[in-house]
Amino acid sequence: MNILTFDLEEWYIYQLYPKGGKDYYLPLLDRYLNEVLDMLSQQQLNATFFCLGMVAKEYPDVIKKIARQGHEIGCHSDQHQWVTALTPELFYRDTKNAIDALENIIGKKVQGYRAPAFSIGRSTQWALPILKEVGIEYDCSIFPTNRDFGGFPGFQENSPCIISYNNKAIKEFPISTHSVLGKQIAYSGGGYLRLLPYAFIRSFMLKEPYVMSYCHIRDFDAEQKRMLNLRYFKNYYGIQHAFMKLSRLIHDFEFMSVEAANRTIDWAAVPIVQL
Ligand SMILES: [Zn+2]
């Protein structure tokens, strides 16, 4: 089972782009989004787009365009504040606001959630039952290994499972990892799609029964003005080839949305993780 997802935040999160303002970035973002949508429709592939509530409020046409093409709209918080920076009350309000804004635009229920920067970890696992309270059916926030920000090192599963916390259960689609020299590494999205050679990604995928891929529109934006800083390599390496790699991936493998995967899985047979 291969799942394709996108985290869609760039229309609102301008601090990622300190060089150039809205007027510079919006046309670029629209263009790259259109290219991605065209590529998916040529392949007759529906993906999941985790979107910010603020994008729904400020740029409703962006969300409408994605939904009209049959893709699933999930929630990626309201303003991209990390869960680690919120109290349970603020998290409840942020998530509810985002879901309301997205549902208003698409006219149907939002079922999936992904936290900004995969910020549901050991110290913020209280967020999981709150997702259930606000009507989320499945979470896709667990990154079961180390990363610069967020992540849940030590999480035992890297395939769909049920998380039980405080006697409340929620379905979980974690990011998939692959074991290299005894270490679990993520390989199927974000910077990894830019950094790793295509042959590596392909060979890892062929060995794994479950793949959760995630991309950002900015990963394809080869024209963006670049910031010279310590993260230069990580932020921009491989950006010219990312679009081609995604295109090869969806030609070489069958992908589906989280919504479709949720319908396929026999949830009574998946592992239960007690937190
Ligand atoms: Zn994000």
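**Exercise 1. Decide whether His80 is buried or exposed.**

*Solution.* Start with the cut-offs: buried means under 20% relative accessible area, exposed over 50%, and partly exposed in between (1.4 Å probe, protein chains only). His80 has 17% relative accessibility, so His80 counts as buried.

Before going on, a word on the model. This is a predicted model, in which local features need pLDDT of at least 70 and side-chain atom pairs count only at pLDDT 80 or more, while totals for chains, interfaces and linings use all residues. Residues are numbered from 1 along each chain as its sequence is written, and side-chain values use heavy atoms, with hydrogens and water left out.

**Exercise 2. Find which residues coordinate the zinc ion, and where Glu9 and His80 lie in the chain.**

*Solution.* 
- Step 1: Look for donors, that is N, O and S atoms within 2.8 Å of the metal (3.2 Å for Na, K and Ca); water is not among the atoms, so sites may look incomplete. Here Glu9 (OE), His76 (NE2) and His80 (NE2) coordinate the zinc ion at 2.1 Å.
- Step 2: Read their spacing along the chain, which is E-x66-H-x3-H.
- Step 3: Helices (H or I, at least four residues) and strands (E, at least two) are DSSP runs, numbered from the N terminus.
- Step 4: Glu9 is buried, with a relative accessible area of 2%.

**Exercise 3. Describe which residues of α4 are buried and what covers them.**

*Solution.* 
- Step 1: Take the span of the helix. α4 has 19 residues and reaches 27 Å from its first C-alpha to its last, close to the 27 Å expected at 1.5 Å a residue. The expected span is 1.5 Å times one less than the number of residues.
- Step 2: List the buried residues: Phe91, Asp94, Thr95, Ala98, Ile99, Ala101, Leu102 and Ile106. They cover an arc of only 165° around the axis, which puts them on the same side of α4. The arc is that of the directions from the helix axis to the C-beta atoms.
- Step 3: Turn to the face away from the buried side, where Glu89 and Asn104 are exposed.
- Step 4: Name the cover. It includes β2 (48–51), α2 (53–58), α3 (60–68), β3, β4 (112–113) and α5 (127–133).

**Exercise 4. Explore the largest nonpolar core and the contacts of Phe6.**

*Solution.* 
- Step 1: Recall the term. A nonpolar core is a set of buried Ala, Val, Leu, Ile, Met, Phe, Trp, Tyr and Cys residues joined through side-chain atoms within 4.5 Å.
- Step 2: The largest one has 70 residues, and Phe6, Leu8, Trp11 and Phe49 have the most contacts inside it. Its largest share, ten residues, comes from helix α1 (residues 22–42).
- Step 3: Follow Phe6. With contact meaning heavy atoms within 4.5 Å, and not counting residues up to four places away in sequence, the residues that Phe6 touches include Val36, Leu40, Phe49, Cys215 and Leu246.

**Exercise 5. Find how many disulfides the whole structure has.**

*Solution.* Search for pairs of cysteine sulfur atoms within 2.5 Å, the cut-off for a disulfide. The search finds zero.
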